[in-house]
Amino acid sequence: AGYGNASIHGNSRVNSGEDHPYDVPYAKMMDMARAIQELKAMLLAEQQQRAAEVTELRQEVHMLREALKQETNNRDAMYHKLMKDLQPVNQSKEFDELRTQLRKQVTILEAGLADEVRDRRASE
C-alpha cells in the first residue's frame, strides 16, 4: 500500500513544501548561465564597437593620406611655377650684372680684411 501511494502522489517533500537538494545548485547554475550570456553580449558589443572604431580610423587615415597627397601635389605645382617664373630673372642681364657687382664687392671686402689682418700682425 505504501509503494503505490508514493508513486501516485509523487515526492512527498515537494508536496510538503520542503526544498529539494538540487534546488540551490540548479539556481546557481542558472545564475551562472545568465551571467555568461550577459558577458557574451557585452563581449559582442565591445567587438562591434572596436570594429566600428577600426573602420572609422581606417577611413580617417585614408582621408589624411589623400589630403597629404593633395598638399604635396599643390606644393610641387607651386614650386615648379615659381621656378618657371624665376627662370627669366636668373638668366637676365640685370641679374648677371648684379651678380658681377656683388662678386667685386666681396673681393674688395676680402682684400680689405686681409690687409687689416696683415697690418695688425705687423704691429704686434
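Select Lys 69 to begin: this residue is partly exposed, with a relative accessible area of 47%, and in this predicted model its side chain meets that of Glu 66 in a salt bridge, at 3.8 Å from N to O. Glu 66 is likewise partly exposed, at 37%, and both residues lie in helix α3, three residues apart, which is about one turn of the helix.

Stay in helix α3 and select Arg 50 together with Glu 46, two residues that stand four apart, about one turn of the helix, and whose side chains form a salt bridge of 2.5 Å, N to O. Arg 50 has a relative accessible area of 39% and is partly exposed, while Glu 46, at 32%, also counts as partly exposed.

Next, go to Met 30, which sits in helix α3, residues 23-90, and which is partly exposed at 31% relative accessible area. With Tyr 26 and Met 29, Met 30 makes a nonpolar surface patch of about 320 Å².

Now move to helix α4, residues 93-123, where Glu 116 and Arg 120 are four residues apart and therefore separated by about one helical turn. Their side chains meet in a salt bridge of 3.0 Å, N to O; Glu 116 is partly exposed at 38%, whereas Arg 120, at 54%, counts as exposed.

Finally, display the whole chain, which has four helices and zero strands. The structure holds nine salt bridges, and of the 124 residues of the chain, 0% count as buried. The accessible surface comes to about 12000 Å², with 59% of that area belonging to carbon and sulfur atoms.

Definitions and conventions: Residues are numbered from 1 along each chain as its sequence is written. This is a predicted model: local features need pLDDT of at least 70, side-chain atom pairs count only at pLDDT 80 or more; totals for chains, interfaces and linings use all residues. Side-chain values use heavy atoms; hydrogens and water are left out. Patches are made of residues with over 30% relative accessible area and no salt bridge: like charges are joined within 9 Å, nonpolar side chains (Val, Leu, Ile, Met, Phe, Trp, Tyr) within 5 Å. Accessible areas come from the Shrake-Rupley method with a 1.4 Å probe; for residues, only the protein chains shown count as cover. A salt bridge is a side-chain nitrogen of Lys or Arg within 4 Å of a carboxyl oxygen of Asp or Glu. Buried means under 20% relative accessible area, exposed over 50%, partly exposed in between (1.4 Å probe, protein chains only).
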